[in-house]
Amino acid sequence: MFEISPYHRNGLSYNPFREMEELERCFFGEPFSGFFGSSDIAEFKTDVTDEGDSYVLEADLPGFAKQDIHLDISGNMLTINAERHSEHEEKDKKNKYVHLERSYGKYSRAFDVSAINTENIKAKYDNGVLKLTLPKKQQSLPESKQLSIE
């Protein structure tokens, strides 16, 4: 879960833990690969761009059927849920697989939409990419008025 805000990349960023994480992956392998098949698919990747009057969120969801993707808003949280069903669960196909790498299961991401006009969100799913247009709330400026002196 994170707040939708502009992304700034610092080309000279150094992460002192990156080498340690890489060493752990080489030594132990992916920690959740038994559950998800790959840690990359456990949480789908998203890009958020600021288009001035709205944000555009694009989420990579290849291989998902449109009806298996659900968008829910509860309070100030937008949750994207996607579920991919397993083909190898069928008994007649179960023993035919020689090698199985594709992952199946439920995937979810949550986003803070407190600055979004949730009534006008538009969603489109095409070629494995979910695209959400998230219009910003119009900031209401305080009305100016004249006060009388008593």
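Leaving aside neighbours within four places in sequence, Ile80 is in contact (heavy atoms within 4.5 Å) with Phe44, Leu57, Ile69, His70, Leu71, Tyr107, Ser108, Arg109, Phe111, Leu130 and Leu132. The model is predicted, with local features requiring pLDDT of at least 70 and side-chain atom pairs pLDDT 80 or more, while totals for chains, interfaces and linings use all residues. Residues are numbered from 1 along each chain as its sequence is written, and side-chain values use heavy atoms, without hydrogens and water.

**Nonpolar core**
- Ile80, Leu61, Ile69 and Leu130 have the most contacts inside the largest nonpolar core, which has 18 residues.
- Such a core is a set of buried Ala, Val, Leu, Ile, Met, Phe, Trp, Tyr and Cys residues joined through side-chain atoms within 4.5 Å; buried means under 20% relative accessible area with a 1.4 Å probe, protein chains only.
- Two or more residues of this core come from each of β3, β5, β6 (105–112) and β8 (129–135); strands are DSSP runs of E, at least two residues, numbered from the N terminus.

- Arg84 lies in strand β5 (residues 77–84).
- The Arg84 side chain reaches the backbone oxygen of Pro62 at 2.5 Å.
- Tyr107, in strand β6, counts as buried because its relative accessibility is 3%.
- The C-alpha atoms of Tyr107 and Arg84 are separated by 8.5 Å, with the two residues 23 apart along the chain.

**Hairpin**
- Strands β2 (residues 46–50) and β3 (residues 54–60) pair in the antiparallel sense over 5 bridges; pairing requires at least two DSSP bridges.
- Asp50 stands opposite Tyr55 in β3.
- The β2–β3 hairpin has 3 residues between its strands, and Gly52 in the turn has a positive phi of about 95 degrees.

Notes:
Helix = DSSP H or I, 4+ residues; strand = E, 2+ residues; numbered from the N terminus. Polar contact = N/O pair within 3.5 Å; in protein donor to acceptor, adjacent residues only side chain to side chain. Buried < 20%, exposed > 50% of the residue type's maximum accessible area, 1.4 Å probe, protein only.
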